[in-house]
Amino acid sequence: MYRDFGISAQIQEFVEKKEEALEPLFSALEKAKSVNNLKILKAMQDAGLMDHHFHWHTGYAYDDQGRDVTERIYAKVFDTQDALVRPGIASGTHAITLMLTGLLRPGDHLLCITGTPYDTLLGVIGTRVKNGSTLIELGVEYEEIPMIDRAFNLHRIQEAIKENTKVLYLQRSQGYSFRETFSLEQLKEVIAFAKAIKPDIIVALDNCYGEFTQEKEPTSYGVDIMAGSLIKNPGGGLTLSGGYVVGREDLVLLCAHKLTSPSLGKEVGGTFGITRTLLQGLFFAPTVVTHALRSALLFAKVFSELGYAIKPGVEDKREDIIQAIMLKDPKKVLAFCEEVQKSSPVDSHLTPVPWAMPGYDAEVIMAAGTFVQGASIELSADAPMREPYAVYVQGALLYEQAKLCVMKILQRFEQMQEDPLF
Ligand SMILES: *Cc1c(COP(=O)(O)O)cnc(C)c1O
């Protein structure tokens, strides 16, 4: 079949050799997958999920039992008191915005301890942008502390926590920065450290891309509230749209006040028949995440052996599904993303081009030939067109697609005659 895709025998052999060497790392992913699969099955049984929960409601949807059961299942799976899981949460950014605006009031201090947050949040917090609605313009004080390699800067965190420090904010995934992620053990330690200084500090976390990569979630390690996107890991590739916020009941309710109204909270808002694919997607999610992690490992192995810097390293523990590859060359970034697009089941004949996406400060090229628009649990690659020209590849509903994609990129690089490696 690879010949049908124009792949040479030499490239196939090269990639399959790397693949063989990855077998022990592939097998190591199975344990977390099984634990998460069973956890989700148990949550669905315990919540009493029934066929009628997949049906429609209209108007205020007070009696949308599908919505309520979905939120009970999410709370159980994420080991939290409560959850807000809605198709009307437009994206991960929206879910994180609900979390931050739900928690923070004028005069409060927001302290981020994982360096500069994901690009789209800069217009939410207001470090680089003014739009009349940023947290800073609304009177929130903001401060960020970068990590030192893989470690939290405890000294600076201790200095920074003040009387009005309401929220300690962390981003689990590297996003578009070429940094390491932290482990859940490190997370537990830094939360204990911060709570020893200020017991009532609220720990809020951006969990985008992190779900089901480990046996447990950050909320089992002391995080009070966290948010993520349903078209990434927990949607399993089937969920059509939405975001979630899970955590302590009182805090989730504050976020619901922002989503609907302080007098309505979680009691309204229809799910319009999407609970079926939302929950079926969750049911598949740990398996799909395993495909994504295997794919990331193959990209890591092949490109590191060709001499490119990568993050995380092949042997590193993975806390998200992103693989960063430092291509250092805008032409290679474009070629890489074009081949990702050409490897897709949908829109494979289109050519991605860099554009000024809302929320990002450099032009961004995004390759995503996906069933759900922009769903980055499906094989996709993003790269801000700026130094150091790193590409971020993530997802794959099927490992086989990612494997083909790796071969296509190598073939293309060879044609560009910049990598006389074969
Ligand atoms: C994807 C992502 C977000 C939110 O992005 P959306 O495109 O709005 O869903 C936030 N933080 C991180 C780390 C992400 O990866």
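Colleague: What makes the pairing of the side chains of D64 and T271 a polar contact?

Modeller: The two side chains approach to 2.8 Å, and a polar contact is a pair of N or O atoms within 3.5 Å, where within protein one must be able to donate a hydrogen and the other to accept it, and residues adjacent in sequence count only if both atoms are side-chain atoms. This is a predicted model, in which local features need pLDDT of at least 70 and side-chain atom pairs count only at pLDDT 80 or more, while totals for chains, interfaces and linings use all residues. Residues are numbered from 1 along each chain as its sequence is written, and side-chain values use heavy atoms, with hydrogens and water left out.

Colleague: Which backbone nitrogen does the side chain of D64 reach?

Modeller: That of R67, at 3.0 Å. D64 itself belongs to the loop between α3 (30-46) and α4 (65-77); helices (H or I, at least four residues) and strands (E, at least two) are DSSP runs, numbered from the N terminus.

Colleague: Why is D64 called buried?

Modeller: Its relative accessible area is 0%, whereas buried means under 20%, exposed over 50% and partly exposed in between (1.4 Å probe, protein chains only). D64 therefore counts as buried.

Colleague: What makes α5 largely enclosed by the rest of the structure?

Modeller: Of its 12 residues, 9 are buried, so the helix is largely enclosed. Among them are A95, I96, L98 and M99.

Colleague: How does the reach of α5 compare with the expected span?

Modeller: From first C-alpha to last, α5 (residues 92-103) covers 17 Å, close to the expected 16 Å; the expectation is 1.5 Å times one less than the number of residues. At the N-terminal end, S91 caps α5 through a side-chain oxygen 3.3 Å from the backbone nitrogen of T93.

Colleague: Why are α1 and α12 described as oblique?

Modeller: Their axes come within 10 Å and cross at roughly 130°. Axes are lines fitted to C-alpha atoms, for helices over the stretch in contact, with angles from 0 to 180 degrees between N-to-C directions. Angles under 35 degrees count as roughly parallel, over 145 as roughly antiparallel, 65 to 115 as roughly perpendicular and the rest as oblique. The pair is therefore oblique.

Colleague: Which residues does L170 contact, beyond its neighbours within four places in sequence?

Modeller: L170, in strand β4 (residues 165-171), has contacts (heavy atoms within 4.5 Å) that include I113, F152, L187 and V203. L170 is buried, at 0% relative accessible area.
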